[in-house]
Structures are given as C-alpha cells and as structure tokens.
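Morning, everyone. Let me walk you through a structure that is new to you. Please have a look at it first.

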Amino acid sequence: MAEIIANEGGGKKGHGKKRAKKHSTHIDMTPMVDLMSLLITFFMLTTAFSKPKIMEIVLPDNSEVDTSKGPEIEAKRTLNLILSGDDKVYYYVGKPPQNDKDVEATRVNLMKTDYSKDGIRKIVLKMNMLLYEKVDSATQEVITGKTKISQDSLLSLVKIYKKKDKRGPIVMIKSDKKAKYRNIVDVIDEMAICNVARYAIVDINEFELKLLETAPK
Amino acid sequence: MPKLKMHHASPRIDMTPMVDLFTLLLTFFMLTTSFKPTEAVIVDTPNSISEKTAPDKNIMMIYISKDNKIYFNVDNGLDSTTHVRVKVLEEMGKQYGVTFTAKEKAEFEKLGSFGVPMKDMKSWIDAKDGVEREKYNTGIPCDTANNYKDNQLNKWVLYSRFHNQGIEAAVKGDGDAKYETAKIVFDILLENKLSRFNLTTNMEKVEIKLGDYKGK
C-alpha cells in the first residue's frame with residue numbers, strides 16, 4: 001500500500017531530528033484515477049468489438065465454357081428461383097423455357113413465395129430433406145459427443161456428403177432488374193442454412209422475363 | 001476516549017487497488033483495440049448465418065452504397081513496406097494522365113476507402129479534411145459498355161491484383177442497393193479471374209426445427 005501511516009514511530013517524540021522527516025508520503029492519486037477512467041472510456045468506446053462476418057461465394061467462371069451447352073441436369077431436380085422486387089421470389093421446378101411454347105408450359109408451374117421461414121426455406125428444405133437430415137444428424141452426434149471427431153473433419157465429412165448427393169435440388173438463382181442486393185444474399189444464405197449441395201447464380205433468360213410479366217403479383 | 005479517536009481517522013480512501021484495476025483494464029483495452037477504420041460511406045450489410053470473420057489484412061474491399069455508388073479500398077497487404085496502395089495509385093495515374101507528388105502519395109496511403117473518379121483524385125487527396133473530401137465521392141465509374149474502356153473499378157481491381165497476387169476480394173454491399181449494381185461488381189471480379197470472393201454480412205443465428213418442415 002502506498003499510504004504509510006504517519007504516526008509510525010510515535011514513541012520517539014522527544015527527538016527533534018526525526019520530526020523534520022515526518023512528511024506524509026501519501027500521494028494523491030485522484031487525478032491519475034480521473035485520467036485513467038477517461039482513457040478506459042475512450043478505448044472502450046472506440047473498440048470495434050464485433051468484427052464483420054463474411055460469406056464466401058463462388059461464381060461460375062464462364063469465360064472459357066461454351067454456355068449454350070451446359071452440363072445435362074435432371075429437370076426434376078432443377079429448382080429455378082427468380083428473385084424480383086418487393087421481396088418476392090418466383091419458383092418453378094424443371095428446365096427453363098427456351099421458346100414461347102415452353103413459356104406456356106412453365107407458366108402453370110410458376111409459384112410465388114417470400115423469404116420468410118415458411119416461404120423459400122420450406123420449399124428448398126423439402127427438396128433437400130435427405131441431405132439435410134444426414135448432415136444434421138452428423139452435426140448433432142458431434143455436439144452431443146457420440147462421435148468424437150474434430151470440427152474440421154466434420155466439415156470435410158459434410159463436404160463429402162454434399163459431393164455424393166444425387167437427389168437433392170440443383171438450385172438456379174436468377175434475378176430480374178427489380179431485385180435488391182439483400183435478396184441475393186438472403187437466398188445464398190438460405191442455401192447455406194438448408195445445406196444445399198448444388199446452387200449457382202445464373203443470368204435470367206428472355207423467356208423467363210416473359211414468364212414474369214404475367215406472373216401473379 | 002476511543003470514540004474520539006474515530007473522528008480523527010482520515011476520511012481518505014485507499015485508491016491503490018482501484019488504480020491497479022484501472023491500469024489493468026486500460027492495458028487490456030489498449031492492446032485489444034483495433035480502431036474502426038474510417039469509411040467513406042455507411043453501408044448497412046444484410047444478414048447471414050456465416051460465422052467466418054473477415055480478414056483484416058490483405059484484402060480489397062468494394063463497397064456498394066445505398067444509392068448504388070461504388071467505393072473501393074485496398075490495403076498494403078501482409079507487408080506494409082511493399083506500399084501496394086501507392087503502387088496501385090501510380091499505375092492508375094499513368095492510365096489517366098495524373099501525376100502525384102510524393103506528399104500526395106504518402107497522404108493517400110493513410111486514407112481509407114474512396115469513391116472518387118480519377119479526374120478528381122488529386123483534389124480528393126489534397127482536400128484538407130473529411131468533410132471537404134465528401135463532395136468528391138461521386139462513386140467510381142464502372143461502365144460495362146465499350147469493352148470496359150472507362151471502367152475504373154476494373155482497373156483498380158486489376159492493378160491491385162497485379163501488385164499483390166495473394167489479395168482477397170470482398171464486397172460490402174448495402175442491403176437496399178440494387179442487385180444490378182452488385183451484378184456489375186461481380187462481373188468485374190469475374191473478369192479479373194476472381195470467381196471466389198467474400199460478401200460482408202452481419203451474423204444472425206438461425207435455428208431449424210425439422211418438425212415444422214416434415215409434414216406433408
């Protein structure tokens with residue numbers, strides 16, 4: 001302790017010499033405390049506590065691939081999402097229309113939904129249930145300690161599950177001019193939530209735009 | 001007599017432990033602080049479930065503001081002695097016929113993100129404070145027409161990549177920005193062979209109860 005009791009050695013009162021030395025060694029620390037509180041407040045307020053998070057996306061590099069002859073994909077598995085303004089999402093299952101006749105055929109399938117948990121998530125999750133349950137049970141087993149593997153090997157296990165997946169949806173994300181940036185992030189996020197193995201952001205074609213013109217508002 | 005003695009006791013409080021504690025806290029905050037970088041524009045990012053934290057070094061950031069303007073920022077990479085930022089600026093200057101003095105280059109290195117076309121770059125650097133700089137932030141031109149001729153964002157990305165191969169790209173867009181604008185940015189990144197990049201988001205936890213979805 002910095003405070004030294006001034007009365008120490010009080011028994012030697014008779015000696016004049018000693019008395020002269022009896023200055024209080026106490027230092028007033030109040031200004032120091034003031035300054036420190038100020039600095040602490042300053043640093044506390046300027047600290048950026050929550051670092052921003054990032055979400056990685058991979059876009060198909062289409063510079064060298066002939067896009068007219070894309071890989072053959074099962075029409076039944078193809079889920080087309082078309083993002084539009086006012087937080088609307090249109091979706092249909094099947095091949096995108098390539099001519100006016102297709103437009104008529106696809107129109108019947110076109111449905112409208114939104115970004116809520118009963119909207120797009122329900123649709124995607126229903127198509128992806130098999131894979132989702134597989135990933136979910138693996139994750140749960142690690143959390144509860146049933147299987148003892150590290151977080152990294154869990155991630156690589158999930159990756160393998162996703163690679164082997166043969167029945168889940170292939171989601172094509174398209175958007176018209178009215179969509180907001182938020183919408184695309186929401187959809188990609190939804191893909192991550194539902195553990196969708198295959199999805200891509202692709203350009204909308206002219207027939208789909210035609211389809212949208214008559215879509216339910 | 002003992003009662004009287006009580007009155008004589010000093011009312012001073014021993015502040016030493018308090019000072020000790022404060023010093024400790026102060027040291028902690030000083031060491032953990034990383035100052036919020038001054039950004040030219042406020043961007044309200046959308047939410048995602050991603051838990052990956054953004055790298056704070058070796059990154060070039062493209063901002064898309066609410067009113068669809070594009071801002072750019074590039075750091076010096078892992079080793080700040082390489083002065084990547086200055087090199088990129090010099091290269092841009094060469095392209096658009098602007099020469100910068102040594103003082104301007106040093107000033108530019110200290111500044112953060114910008115949304116300035118090259119023709120205003122000199123005045124933006126020379127401006128005396130942030131308020132004055134504000135008016136030059138009209139967004140980086142990135143016209144995709146004319147075969148990327150006056151696409152300054154494309155050049156910024158290109159030269160940043162040229163001077164720092166390992167640099168990562170991140171897009172920080174406002175949720176209310178148009179997708180069209182984001183698409184232009186994505187296309188530019190693709191053009192520069194950056195098909196893998198990051199989107200800055202806020203974290204938001206999502207829990208799924210399978211029972212809600214299993215019916216039917």
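Let's start with chain B. The centres of its domain 1 and domain 2, taken over C-alpha atoms, are 52 Å apart. Domain 1 covers 2-30, and domain 2 covers 47-203. Those bounds come from an automatic or database domain assignment.

Some ground rules. This is a predicted model: local features need pLDDT of at least 70, side-chain atom pairs count only at pLDDT 80 or more, and totals for chains, interfaces and linings use all residues. Residues are numbered from 1 along each chain as its sequence is written, while chains are lettered from A and ligands numbered from 1 in the order in which they are written.

Staying in chain B, take two helices. Helices are DSSP runs of H or I with at least four residues, strands are runs of E with at least two, and both are numbered from the N terminus. The axes of α3(B), residues 84-96, and α4(B), residues 102-110, come within 9 Å. They cross at roughly 125 degrees. Axes here are lines fitted to C-alpha atoms, for helices over the stretch in contact, with angles from 0 to 180 degrees between N-to-C directions. That angle makes α3(B) oblique to α4(B). As for the term, under 35 degrees is roughly parallel, over 145 roughly antiparallel, 65 to 115 roughly perpendicular, and the rest oblique.

Who makes the contact? From α3(B), Arg85(B), Val86(B) and Leu89(B); from α4(B), Lys105(B), Phe108(B) and Glu109(B). Contact means C-beta atoms, placed from the backbone, within 7 Å. 

Now the two chains together. How many residues does each chain give to the contact? Chain A gives 41 residues and chain B gives 49 residues. On the chain A side, the elements giving two or more residues are α2 (30-46), β1 (53-58), α4 (120-127) and α7 (181-193). 

β1(A) runs antiparallel to β2(B), residues 52-53, with two bridges between them. Strands pair if DSSP finds at least two bridges. Lys53(A) stands opposite Thr53(B).

Last, chain A. Five strands form an open, mixed sheet, ordered β4-β3-β2-β5-β6. Its edge strands are β4 (111-113) and β6 (198-201), each pairing on one side only. Neighbouring strands are turned by 25 degrees on average, direction ignored. Within that chain, β3(A), residues 88-93, and β4(A) run antiparallel, joined by three bridges. There, Tyr91(A) stands opposite Met111(A).

Key
Two residues are in contact if their C-beta atoms, placed from the backbone, lie within 7 Å.
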